[in-house]
Amino acid sequence: MDKFVVHGGNPLRGSLRISGSKNSALPILAATLLTPEPCIIHNVPNLSDIRYMLQILQHLGAEVTFENGTVRVCAANIHSETSYDLVRKMRASICVLGPLLARLGRATISLPGGCVIGDRPIDLHLKGLETLGAQIEVEEGNVIASAPRLIGSEVFLGGKFGSTVLGTDNIMMAATRAKGVTIIESAACEPEVRDLAEFLIKMGAKIQGQGTRRIEIEGVDFLRGVEHHVIPDRIEAGTFMVGALISGGDLRLTHLAPEHLGAVTNALKQAGAEIKIEGNEMQIRATGPLKSIEVITETYPGFPTDMQAQFCALMSVVPGISVIAEKVFPNRFMHLSELKRMGAKIDLEGSTAIIHGVDHLGGAPVMASDLRASAALVLAGLVAKGVTTVNRVYHIDRGYEKIDEKLRSVGAVIERQKE
Ligand code: UD1
């Protein structure tokens, strides 16, 4: 297992290219199962989660290559059963359920396990597919779904914590081949859902309302193979935006989609950041001391839960009291205890972190518990006095392409070592 050794105190300065979006690429790769024809997907980040998804596609019988950010998939001959060993590694593997059911009329998927950011049910995915006429049984840890032909219907996808991203993806993919019209109410509006819809439309799907709370899908008989560029990763971009500010640096981010970063940009401007946007580039720095802020995570276009941990790290060193409330995954606070080991002063009340900004953090050995939490610890390490060792960085490798190399290229002192 690798670890990162970070020497704090070096401002990030220079230019960074933002990679393609992991959360967009994963369902788009799953969607290639909907057609027997070859698909070509560009701007795919080289991450362990992506490689797991490609293994799942291969296991299902698809031919797959991945070179220089381009994936070629041909799912001409596939079967419907996934392997537990692959599925348990990544929750996003659930999004092969909709495409398999639509294409083959059946699918067997191992239930994805829980994870450290809390219980992550799939009840809304299953309820949605049942509404389209699928029969679903859960046996020995497997979801067994069957439907000789899915039938379009009205599907309400709102849950206790708002809409569901992968749930919306699954139902939308299933509905592309259903008989008649499906309407998804309380759909997720995330840019990644929209990107998947654009991919499906190129394939020949009839979809309207993507990016809104109501998506309408008219089923078609056949989807064709197509070529697509995945959108930029807004969470990677947001993480580097925080990196620029926490280290007192000045970064130019290129190949990003600033329009997907409204809530993050707004929060950082409130905190005092200077942000200039020109086309698909952004310059970000702090011109004076930052101010404390209040943030609530919400579904898009609200502030993303995937940026909550990084903001906790930033606000730990901003004078005053910041408040960060988590409304999407209420238990997603594993990073707080590690930040506290570095000297942060944070109280957790229910699912709200109350952060008392301190003068400085101190380097310490810390443990990465999930993807975004690990990013937060690396960010904290950039500003901490002394050396921070972030263990278990396989979490960060799931979602950030070569983060250590990228950070080094703009002045960070960070080294990857074998544990
Ligand atoms: C996706 C993202 C993840 C992000 C999350 C929320 C991918 C691969 N992952 O995850 O990075 O943090 O959106 O923006 O795109 N829920 C239910 N029942 C369900 C499904 C979800 O109660 O059937 C709950 C979840 O527990 C959570 C909330 O709904 O509290 C939102 O989860 P959801 O949007 O489904 O997250 P994912 O799609 O799994």
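Analyst: What follows starts with that sheet, moves to its helix, and ends with other strand pairings for context. The model is predicted.

The sheet is open and has 4 strands, in the order β17-β18-β20-β19. Its pairing is mixed. Which strands stand at the edges? They are β17 (294-296) and β19 (345-349). Each has a single partner strand, so one side of each is left without a neighbour in the sheet. Neighbouring strands here are turned by 15° against each other on average, direction ignored.

Take the β19 end in detail. β19 pairs with strand β20 (residues 352-356) in the antiparallel sense, over 5 bridges.

Now the helix. α10 packs on this sheet and touches β17, β18 (321-325), β19 and β20. The direction of α10 makes about 170° with that of β18.

α10 also has a helix partner. Helix α10 (residues 308-316) packs with helix α12 (residues 371-383) at an angle of about 20°. Their axes are 7 Å apart. Why call the two roughly parallel? Because angles under 35 degrees count as such, α10 is roughly parallel to α12. The crossing of α10 past α12 is right-handed.

Which residues make that contact? From α10 come Ala309, Gln310 and Ala313. From α12 come Arg372, Ala373, Ala375, Ala376, Leu379 and Ala380. By class, the α10 contact with α12 has 7 nonpolar, 1 polar and 1 charged residues.

Elsewhere in the model there is another open sheet of 4 strands, in the order β9-β10-β12-β11, with mixed pairing. Its edge strands are β9 (154-156) and β11 (206-208), and each pairs on one side only. Neighbouring strands of that sheet are turned by 15° against each other on average, direction ignored. β11 pairs with strand β12 (residues 214-218) in the antiparallel sense over 3 bridges. Lysine 206 stands opposite glutamate 218 in β12.

Last, strand β3 (residues 38-42). β3 runs antiparallel to strand β5 (residues 70-74), joined by 4 bridges. Isoleucine 41 has valine 71 as its bridge partner in β5. β3 also pairs with strand β13 (residues 227-229), in the parallel sense, over 3 bridges. There, isoleucine 40 has glutamate 227 of β13 as its bridge partner. In a regular strand, side chains alternate between the two faces of the sheet.

Technical notes: Residues are numbered from 1 along each chain as its sequence is written. This is a predicted model: local features need pLDDT of at least 70, side-chain atom pairs count only at pLDDT 80 or more; totals for chains, interfaces and linings use all residues. Side-chain values use heavy atoms; hydrogens and water are left out. Axes are lines fitted to C-alpha atoms, for helices over the stretch in contact, and angles run from 0 to 180 degrees between N-to-C directions. Angles under 35 degrees count as roughly parallel, over 145 as roughly antiparallel, 65 to 115 as roughly perpendicular and the rest as oblique. A crossing is left-handed if the near helix is turned anticlockwise from the far one by less than a right angle, and right-handed if clockwise. Contact means heavy atoms within 4.5 Å. Ala, Val, Leu, Ile, Met, Phe, Trp, Tyr, Cys and Pro count as nonpolar, Asp, Glu, Lys and Arg as charged, and the others, Gly among them, as polar. Two strands pair if DSSP finds at least two bridges between them.
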